[in-house]
Amino acid sequence: MLRWVACALGVLAQVLAFGGPSRAEAPGPRQDEAPQRIWADARMAWIYPEPRRAGHPVGYVRAGASLALRSPEPTRTRDCPGGYFAVAPLGYLCLDRHTSLAATRYSNSMGLTLPRGGALPYDYAFSDGTPMYWRVPNRSEWERREALFGPAGRPRGAFAGHGHEQLARSAPIEPEHAVPAFLIDGGSAFREKESRIERRKMPFGSMLAYGRSFPAAGRTWLLSSDGTVVPAERVRKFQPSEFHGVALGGAVRLPLAWVKRTAKPKYRRGSQGKFVRTGAVWAKQTFVTLDSAESMAGEYLKTTHRDGDTPLFIAASDAVVVDEREKLPWGIEPRDRWLFVSITRGVLVAYEGTRAVFTTLVSPGLGGVPLPGRDPVEFSTTPLGHYRMKFKHLTDDMSPEHGDQRSYWLADVPYAQYFDQPFAIHVSYWHDSFGEPMSAGCINVSPRDGKWLFDFTDPPLPAGWHGVQAGFGNPKGTWVVIVR
C-alpha cells in the first residue's frame, strides 16, 4: 500500500485549507492608513475569482507570504464580514482568520519557512523517526520524548517505499544559520502558548522539508517548512540529483537516444563491416544525438559523435530513441505548448506546436502499462490519454491520509502539476533512477527538470502565490499527452 503514496492525494484533495492559529479578529492598519498588502496568516489562504466563496478558487497563498492589493477598499459580503480584497494579479482574498492586513508574529515567523527559488525550494531529509516540536525543547524534554525512537544518529533498516532512501546520506547535518529570533527563549511561531511541546511524531520513512539548520541547547535543529523544529540527528539529508534533460535547438536536435540505467559501449564499424567495441562507453543518463540521414532500423544506430574521423554507433538495444512528432495530436493547436510522455520508454518531450524544445528521462508508475478495469491508484500505473494541467503547486505535501496526525507523508514535493487528480508531474527528491518505473503512478522528474517544466507550462504561477488553478480567469492548462 505504501508504494502509491509517492503520488498521493496532495493538497488539492481538494479545497480543505487547514488553518493556522485562531484569533478573535484580524489586525489591520491604522485608521488613517489605507491597506497596501494582505498577508496569509494561516497555512493556506484561498484566492477566489470573484468576491464570494462559491465555485473553484483560482489559487492560494502560503503562510508568511503577502500579496499587493489592487484596491484598498474591500467588498463586504455576508460570507466574509471582513470583506474581500482584490489581490494582484487577479482574484480576491477574504479578510478572516486566515489573513491579516498587517504582518503578525505568526506570519513574520512563517516568512522564514517560505520556499526559496531554484530547483529545490527546500533542503530535504528522510526521517528515521522523530518528534516535531512546537519550540526548541530542553535536554530533559527531548530525552523523554525521543526515547521511544532509540538512539539518535542510528539509521534504521530499509523502508518499504521503492527507492525512497536512494539519495539519503548519513553524514551529519551542520548548523548553517543563527537561531531564528522567534525561537529564542522558548518561543514558537504559533501565537497561543502551547501546553504541549510536541506537535506530532514524524514516523520512519516520512520526509522532511526544511530551510534552516541552527545550533541550540547543545545540538543541531532544523526549521521545518511547517514552522516546527526537528533534531537533525534523527533525519538523513537527501543528496540532490544532478540529472537533467536537454534543451533542443542548434546542434542538439531530434532524433536522439537516451542511455538509461547503466553505461553502454560505444561501437565503430570494423574493416569487414562488423561492429566492434571501441573500449569506451556512453555514460548512464546521457543523451546521444543520432544521424537522421542514415537508417535507424538496424541493430546499431549511427550517431553524430566521432572518435577522430571514425563515426561512432550505439546498439539499438542500448538506446531509447526519441523521434520528433510531425503531426499534432488531437485537440492541440499549432501555437500550443504541450508535453508528450511515453511510459514504456520513460521519456518526456516538450513541444511548441510541432517543434520539440526539450527532452528528458522520467519515472512513470511501477505498475507499468495500465489495464482496462484496473484502478491505476491501486496498481501504481500512470494513466494514458490526453489531459490538461489542472492545478500547479510550487510545493505540495503528499500522503494517503488527511489531517495533521498522519502516519506517512512526503513533505513539500516540488513543482507538482496535477493533470488527472491524484496524478501529477512532480519532482522526486528521494531517488535518481529517472527513466525507470519508480512512482506510484505520477510522473517523477529531476529537480532541475521539474523547475523547467513548471515554468514552461500554463497556467503560470503569479508572484507570491503558492498554487494556481487553470481557468477561472487564469490561462487554460497545458496539454499532456501520455502514451505507452
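Modeller: Gladly! The torsion about the S-S bond of C80 and C94 is about 105°, so the disulfide is right-handed. A disulfide is a covalent bond between the sulfur atoms of two cysteines; here the term is applied to a pair of cysteine sulfur atoms within 2.5 Å. The sulfur atoms of C80 and C94 are 2.0 Å apart, and the structure holds one disulfide. C80 lies in strand β6 (residues 80-86) and C94 in strand β7 (residues 92-94), so the pair ties together parts that are 14 residues apart in sequence. Strands (E, at least two residues) and helices (H or I, at least four) are DSSP runs, numbered from the N terminus. Both cysteines, C80 and C94, are buried. Buried means under 20% relative accessible area, exposed over 50%, and partly exposed in between, with a 1.4 Å probe and protein chains only.

Before we move on, please keep in mind that this is a predicted model, in which local features need pLDDT of at least 70 and side-chain atom pairs count only at pLDDT 80 or more, while totals for chains, interfaces and linings use all residues. Residues are numbered from 1 along each chain as its sequence is written, and side-chain values use heavy atoms, with hydrogens and water left out.

Next, a helix. In α2 (residues 139-146), the residues E141, W142 and E146 are buried. Seen down the axis of α2, its buried residues fall within an arc of 105°, so they line one face of the helix; the arc is that of the directions from the helix axis to the C-beta atoms. Those buried residues pack against β10 (130-133), β13 (219-224) and β14 (229-231), where contact means heavy atoms within 4.5 Å.

Now for some backbone details. Most residues other than glycine have a negative phi, and most peptide bonds are trans. D185, in the loop between α2 and β11, has a positive phi near 60°. At 79% relative accessibility, D185 counts as exposed. A217 also has a positive phi, of about 55°, although it is not a glycine. You will find A217 in the loop between β12 and β13, partly exposed with a relative accessible area of 44%.

There are cis peptide bonds to look at too. The one from L254 to P255 has omega near 5°, and P255 sits in the loop between β16 (246-247) and β17 (256-259). Another cis peptide bond joins Q421 and P422, with omega about 10°. Q421 is in the loop between β29 (410-420) and β30 (423-427), and P422 lies in the loop between β29 and β30 as well. With 31% relative accessibility, Q421 counts as partly exposed.

On a 1 Å grid over the protein atoms alone, a cavity is a set of points where a 1.4 Å probe fits but cannot get out, and lining residues have an atom within 4 Å of a point. The largest cavity holds about 90 Å³ of space; grid points are joined across faces, edges and corners, and a volume is the space filled by probe spheres set on the points. Of the 18 residues that line the largest cavity, R43, R200, D226, D397 and W409 lie nearest its centre. Strands β11 (198-202), β12 (207-216) and β29 each supply at least two residues of that lining.

Methods: 1 Å grid on protein atoms, 1.4 Å probe; cavity = no way out; pocket = protein on both sides within 12 Å on 5 of 7 lines; lining within 4 Å.
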